[in-house]
Amino acid sequence: MSALEPPILPASRWAALWPGRCAHCDARSGQPLCHACLQQDLPLRPRCPSCGVAVAQDGQICGHCLLHPPQWAGAAALGDYRFPNDQFILRMKFGAEPALGRWFGDLLGARWTQAGLPLPDVILPVPLSRERLRERGFNPAWEMARRIATHLNRPADPHALRRVRQGIAQSQLPLEARRRNIRGAYACQTRWDGKTLLLVDDVMTSGATLAETTRVLLRQGAASVWVAIALRTPFDPAP
Ligand SMILES: [Zn+2]
Ligand SMILES: [Zn+2]
C-alpha cells in the first residue's frame, strides 16, 4: 500500500460543506484537511492486514493478530486514533458533524479500491441503539458506509444489523471487559449465505464490537466479513 498515492478528493465536493479552511493549518482547503496535512496526518503507511494497526512493513501481521486471529477476513484503516486525528471523530460524534463521516467514507472507499481489497456484496454499518441514534441524530458509521458504497458501486444496508441492547458504552470499560459487555448486543434476521460483507465503523480499539458483529453475520451464513474503519487505536500509548 505504501507505493500508492493518498486519495485526493475533488475540492468541489467539499466546498459546499466545509468552510474552506484546513482544520489543522488553516490553509484554504476544499476538504477538512488540506492535501499537505492529509499526507502528514493520515499517511499511507504499512498496516496489519488483519486489524489495521500500524506495522513496520507491508503485509506484516501484527503480534496480536498472530496470537488471536480475528474472525473477520481483513481490515483497512485510514490512520491512528490519536491526536490530531481523534479530533475529527470527536467533532463528528459530539459536535454532530455527519459531513466528517462522509469524508472518512470517501477516503476509505478510495483506499479500499487502491489496495485492491475484495468488492463486498453488501456494506453494513455497525449500528447504534435506537436511543443512541435519537440522542446523536445520525450514525457516523452509516455516513461512512453509504459513501464507501457509492465508491465501490455496491449496496449498503443500514437496517439489517441491529443493536438490540445498549449496555455500557465500550469506551467506559477496560479492554478485557469489553467483549463480555458486547456479547448478545447485536442481532440480524437477514440470511447472508455465501455473501462477502463489509462492516464499517469509525474507530477500532479492542475490536470487541467488530468481533461480535462479525460473529452475528457469520452465523447468518456470510462467507466472509471484511472491516473498514476510519481510525485504529494504536497498541502503544501516544507519544
Ligand atoms: Zn493543512
Ligand atoms: Zn493486527
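Trainee: How many of the nine residues of β5 are buried?
Mentor: Good place to start, and keep in mind that this is a predicted model. A residue counts as buried once 20 or more other C-beta atoms lie within 10 Å of its own. Strand β5 is largely enclosed by the rest of the structure, because its buried residues number seven of the nine.

Trainee: In which order do the strands of the open sheet stand?
Mentor: The sheet is open and holds four strands, with parallel pairing. Neighbouring strands in this sheet are turned against each other by 20 degrees on average, direction ignored. Read across, the order is β1-β6-β5-β2.

Trainee: Which strands stand at the edges of that sheet?
Mentor: An edge strand here has a single partner strand, so one side of it is left without a neighbour in the sheet. The two strands in that position cover residues 74–80 and 122–125. They are β1 and β2.

Trainee: How many bridges join β5 to β6?
Mentor: Strand β5 covers residues 196–204 and β6 covers residues 224–232, and the two run parallel. Thr196 has Ser224 of β6 as its bridge partner, while Met204 stands opposite Arg232 in β6. The number of bridges joining the two strands is eight.

Trainee: What is the bridge partner of Ile123 in β5?
Mentor: Strands β2 and β5 pair in the parallel sense, over four bridges. Strands of a sheet pair through backbone hydrogen bonds, either parallel or antiparallel. For Ile123, the bridge partner in β5 is Leu198.

Trainee: Which helix packs on the sheet, touching β5 and β6?
Mentor: Look for the helix whose direction makes about 165 degrees with that of β5. Angles over 145 degrees count as roughly antiparallel. The helix spans residues 208–219, and its name is α9.

Trainee: At what angle do the axes of α8 and α9 cross?
Mentor: Helix α8 spans residues 175–182, and its axis comes within 9 Å of that of α9. Arg178, Arg179 and Ile182 of α8 meet Ala208, Thr209 and Glu212 of α9. The crossing is right-handed. The axes cross at roughly 30 degrees, which makes α8, relative to α9, roughly parallel.

Trainee: Are α5 and α7 parallel or oblique to each other?
Mentor: Their axes come within 7 Å and cross at roughly 40 degrees, and the crossing is right-handed. Residues that meet here include Phe104, Leu108 and Trp112 in α5, and Met144, Ile148 and Leu152 in α7. Angles under 35 degrees count as roughly parallel. The two helices are therefore oblique.

Trainee: Is Trp112 buried or exposed?
Mentor: Trp112 sits in helix α5, residues 98–114. Leaving aside residues up to four places away in sequence, Trp112 touches Ala76, Leu117, Ile148, Leu152 and Ala228. Because 22 other C-beta atoms lie within 10 Å, Trp112 is buried.

Trainee: How far apart in space are Trp112 and Ala75, C-alpha to C-alpha?
Mentor: In sequence these two residues are 37 residues apart. In space, C-alpha to C-alpha, the separation is 9.6 Å.

Trainee: Where does Asn153 lie, and is Asn153 buried or exposed?
Mentor: Most residues other than glycine have a negative phi, and most peptide bonds are trans. Asn153 is not a glycine, yet it has a positive phi of about 55 degrees. Its place is the loop between α7 and β3 (161–163). With 8 C-beta neighbours inside 10 Å, Asn153 counts as exposed.

Trainee: What is phi of Asp26 near?
Mentor: Asp26 lies in the loop between α1 (11–15) and α2 (35–41). It is exposed, because it has 10 other C-beta atoms within 10 Å. Its phi is a positive value in a residue other than glycine, near 70 degrees.

Trainee: What is the radius of gyration of the chain?
Mentor: The chain has nine helices and six strands. The globule rule gives 18 Å for 239 residues, and the chain comes close to that, so it is as compact as a globular protein of that length. Its C-alpha trace spans about 45 × 40 × 35 Å along the principal axes. The radius of gyration is 17 Å.

Technical notes:
Residues are numbered from 1 along each chain as its sequence is written. Chains are lettered from A and ligands numbered from 1 in the order in which they are written. This is a predicted model: local features need pLDDT of at least 70, side-chain atom pairs count only at pLDDT 80 or more; totals for chains, interfaces and linings use all residues. A residue is buried if 20 or more other C-beta atoms lie within 10 Å of its own, exposed if 12 or fewer, and partly exposed in between; C-beta atoms are placed from the backbone. Two residues are in contact if their C-beta atoms, placed from the backbone, lie within 7 Å. The radius of gyration is taken over C-alpha atoms; the globule rule is 2.2 Å times the number of residues to the power 0.38. Two strands pair if DSSP finds at least two bridges between them. Axes are lines fitted to C-alpha atoms, for helices over the stretch in contact, and angles run from 0 to 180 degrees between N-to-C directions. Angles under 35 degrees count as roughly parallel, over 145 as roughly antiparallel, 65 to 115 as roughly perpendicular and the rest as oblique. A crossing is left-handed if the near helix is turned anticlockwise from the far one by less than a right angle, and right-handed if clockwise.
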